[in-house]
Each structure stands twice: as C-alpha cells, then as structure tokens.
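Student: I have a model open and want to know what its labels rest on. Can we go through them?

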Amino acid sequence: PADPNHPIKEAACWAHARRKFYDIQVATKSPLAEEALQRIGDLYAVEESVRGQPPDVRRRGRQARAGPKLADLHAWFIATLKKVPKKSKIMTDKMMG
C-alpha cells in the first residue's frame with residue numbers, strides 16, 4: 001500500500017521510448033522518427049548537463065531546461081499523431097508497444 005505522506009510517482013524511461021523510434025528510423029528512415037530521436041536527444045543533453053550536481057541543482061536544471069522541451073515534445077506528439085495514418089509503421093509500432 002502507498003503511504004499517503006509519500007505518494008508513489010511514476011518514473012518513465014526515455015530509453016524505452018527512444019528505442020522504438022530508433023527501430024522505426026533504422027527500418028524506414030522516417031523523418032518523424034528522426035525528429036522524435038532528436039527531441040529525445042535534447043532531453044538527454046539536459047540530463048548530461050546536470051549529472052553529478054547536487055539534487056536541488058539537478059531538479060532546478062531539469063525544470064528550467066527539460067520542462068519546456070517536454071512541453072514542446074508533447075505538443076509535437078499530439079500534432080503529429082493527428083496527421084499520421086493510423087496504419088503507418090510509426091503508429092502501429094508506437095501503439096502496440
């Protein structure tokens with residue numbers, strides 16, 4: 001059972017999401033997968049820049065630099081998904097897995 005004073009937070013792994021786009025890019029040379037990889041790479045760069053710093057510095061750096069990148073990535077995902085045919089490889093691979 002979860003402790004109400006210390007709620008559990010999901011920590012998603014970008015490596016798993018990135019791998020799906022990488023596999024699609026290798027198989028299809030998709031410009032959408034390439035852009036997703038670039039955007040995820042930008043998030044990795046933020047992480048690299050705060051690595052080894054004290055926790056409060058990492059948190060502030062992530063909020064200041066990764067926060068806007070994540071918001072842009074989310075908006076790009078939503079806009080892109082509306083344009084991509086549901087039976088395309090990028091959609092079926094992402095939705096299946």
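Predicted model: local features only at pLDDT ≥ 70, side-chain atom pairs only at ≥ 80, totals over all residues.

Tutor: Start with a helix pair. The axes of α2 (residues 31-50) and α3 (residues 55-83) come within 9 Å and cross at roughly 170 degrees. Axes are lines fitted to C-alpha atoms, for helices over the stretch in contact, and angles run from 0 to 180 degrees between N-to-C directions. Helices are DSSP runs (H or I, at least four residues), numbered from the N terminus.

Student: Why are α2 and α3 called roughly antiparallel?

Tutor: The label needs an angle over 145 degrees. The axes cross at roughly 170 degrees. Therefore α2 and α3 count as roughly antiparallel.

Student: Which α2 residues meet α3?

Tutor: Among them are L32, L43 and V46. In α3, the partners include L70, L73 and W76. Contact means heavy atoms within 4.5 Å.

Student: What makes Q25 buried?

Tutor: Buried means under 20% relative accessible area (1.4 Å probe, protein chains only). Q25 has 15% relative accessibility, so Q25 counts as buried. Its place is in helix α1 (residues 14-28).

Student: Which side chain does the Q25 side chain make a polar contact with?

Tutor: That of E34, at 3.3 Å. A polar contact is a pair of N or O atoms within 3.5 Å, one able to donate a hydrogen and the other to accept it.

Key. Residues numbered from 1 in each chain as written. Heavy atoms only, no water. Helix = DSSP H or I, 4+ residues; strand = E, 2+ residues; numbered from the N terminus. Parallel < 35°, antiparallel > 145°, perpendicular 65-115°, else oblique. Buried < 20%, exposed > 50% of the residue type's maximum accessible area, 1.4 Å probe, protein only.
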